[in-house]
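Morning, everyone. Please look at the model on the screen, and then we will walk through a few parts of it.

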Amino acid sequence: MLPKRIQIIDMTLRDGSHSFDHQYTPGQMAAISKGLDEAGVDYIEIGHGDGLGASSLQYGLSAAKDAEYLQSVSAVVERAKICVLLIPGIGIKEDLEMAKGYGVRAAKIACLVTEVDIGQQHIELAKSLGLEAIGFMMMSHLLEPDKVAVQAKLFADYGADIVYVVDSAGALLPVDVKARITRVIETVNIPVGFHAHNNLGCAVGNALAAVEAGATYIDVALCGLGAGAGNAQSEAVVASLMKMGYITGVDLYKISDVAQDIARPLLRRPQEIDRAALMLGYSGVYSSFLLHTYRAAEKFGVDARDILVELGRRKTVGGQEDMIVDVAFELSQRRASK
Amino acid sequence: MNLNGRISVAIIGPGNIGTDLMYKVLRSKNLKLDLVAGVIEASEGLALARKEGVLTTSKGIGPILENPEIKIVFDTTGAKPHIMHAPMLEAAGKIAIDLTPAAVGPYVVPAVNMEDHLNSPNINLITCGGQATIPIVYAINEVAGVEYAEIVATISSKSAGPATRQNIDEFTKTTAAGLVKIGGAQRGKAIIILNPADPPILMRNTIYTLVRESDADRIRKAVNNMVARIQEYVPGYRLKVPPLVEGNKVTTMIEVKGAGDYLPEYSGNLDIITAAAVGVAEKLAANILKQSGGEVVA
């Protein structure tokens, strides 16, 4: 059998934006995307960590507008496909049309794994704009494999070109990833992708488990940047896939140079599994909550872990960053009344 | 129409919202429900209306137009049907209260701008998220000057029907427009999130504003007054986190528990718009009675 080609979507400039509180400058985005393009990644995903239109008080204001980022990146990328992410309920139709104007070629339509039907409108729009439409099922740990497959089928029926199992909370173990990817592949006739978070230290291992189960699209980020404890590290995933005999089209030296020489010097804090990040994976909480939780813990004088455990208990989902302040406020009131 | 100081009304669209609305109208002191109109004779909504002794029809809007007694019509059908209904209702001299995103008439939030539109032939109720958050933005704007308002509406997955799901962009855009037009913010943004937790969560809304003058006491007082006004027609409306003022940023959180008339308590998002519709109709009815010299029963 011929070695299988794995498509690499590098999201250093999208999910990685969380690590920088969405403060990348357009110049930094251009420098990193130029390096990624030369290293040979298939897709370069850019923007606010929560996608198009997400610069907000709820998720953090980004340093530049979506259009400014797209303009600076599209000016330097020659080969890779530029990709954006849109969460229905946050981003709108006009955002996607604007992105198309800057030469974007792929759009991830990100819905909670239980609510894929709200993405129909946007998958159809992406297709009508001539974009590759990627159905992105966030918080895939919430459903059992059979039910994940039912939702994946919806995305396929709406016309998605690719469908992703997304471990937004970094809560899945390799065996769980394998089960979900396997069921989805059995159910749909489109390529399947996987997106990992490293809260339990399983990101690269989970990405490899997904590939072994048949996934052909893998999300990665340089230096393992990303929400929570970060994503699967680009350099490590590429090296591992090479050792396993897969083809990625990425030059290992070049991508590790971009990571070491361009991305790493920008880091504001170590990208690691600290005690709160670990709790995200353990409690199944959306990874983007991490830095918001640190701020709320400090403001209200409560333990970040208590906030995260309570958020897990209340079954909060992606996008509910306002619940962090709600819970921190309540915990502080409860303590004051004791 | 003026029998015992009550105004005749009709509901078109006996779905979840129309049926919840029916129970609220039946409790009203100055509204008399003359007709519930649908298109499916065997629908549950029409059966429930008959059970309450209300006249029903499955012939759509026609019988409403033919009945000169009916002065106010609630339309819960959908944006497209309402665009067709609106001119017919106006030509027949009936006031339309539009619970769809059609936005034919001016946006109305009962606690804020009802008095401005007492003579409008068509009134639009924006969105559930708009009804829950715009009054708070308005209250803060009155005392602090709102440069930017951003709201996050989180509703339970179970309470989001197919129309909401297929038109989520319309929800965010219409709500954002309402924050500016009615709330008075210079710029507005709306975000909607569905939460699948079971048992379902109550509707909750976070209202962020950036203000020109951050006098925390005045802001808290204005918000408290507004919450009390909304509670007059939405008893389950409650301040969850009182305005937190940090520099020029004010964060307020509210929760809406439904009255449980037809839709369950967790459907506060639907309850708030049906409650607003009845609130609007009662004010219109009082106005009609006043203009016709009738006795006002409120």
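**A helix, a strand and an interface**

Start in chain A. The buried residues of helix α10(A) pack against α11 (289–300) and α12 (304–313) of chain A. Those buried residues are A:Ala276, A:Ala277, A:Met279, A:Leu280 and A:Gly281, and α10(A) itself covers residues 275–283. Buried means 20 or more other C-beta atoms within 10 Å of the residue's own, exposed means 12 or fewer, and partly exposed is in between, with C-beta atoms placed from the backbone. Helices (H or I, at least four residues) and strands (E, at least two) are DSSP runs, numbered from the N terminus. After α10(A) comes A:Gly284, with a positive phi near 75°.

A word on the source. This is a predicted model: local features need pLDDT of at least 70, side-chain atom pairs count only at pLDDT 80 or more, and totals for chains, interfaces and linings use all residues. Residues are numbered from 1 along each chain as its sequence is written, while chains are lettered from A and ligands numbered from 1 in the order in which they are written.

Now chain B. Why is strand β11 (residues 249–256) largely enclosed by the rest of the structure? Because six of its eight residues are buried. Strands pair if DSSP finds at least two bridges between them. β9(B), residues 203–211, pairs antiparallel with β11(B) over eight bridges. There, B:Tyr208 has B:Thr251 as its bridge partner. β10(B), residues 237–246, runs antiparallel to β11(B), joined by seven bridges.

Last, the interface. 25 residues of chain B are in contact (C-beta atoms, placed from the backbone, within 7 Å) with 23 residues of chain A. β8(B) gives the most to chain B's side, with six residues.

Note on methods
Two residues are in contact if their C-beta atoms, placed from the backbone, lie within 7 Å.
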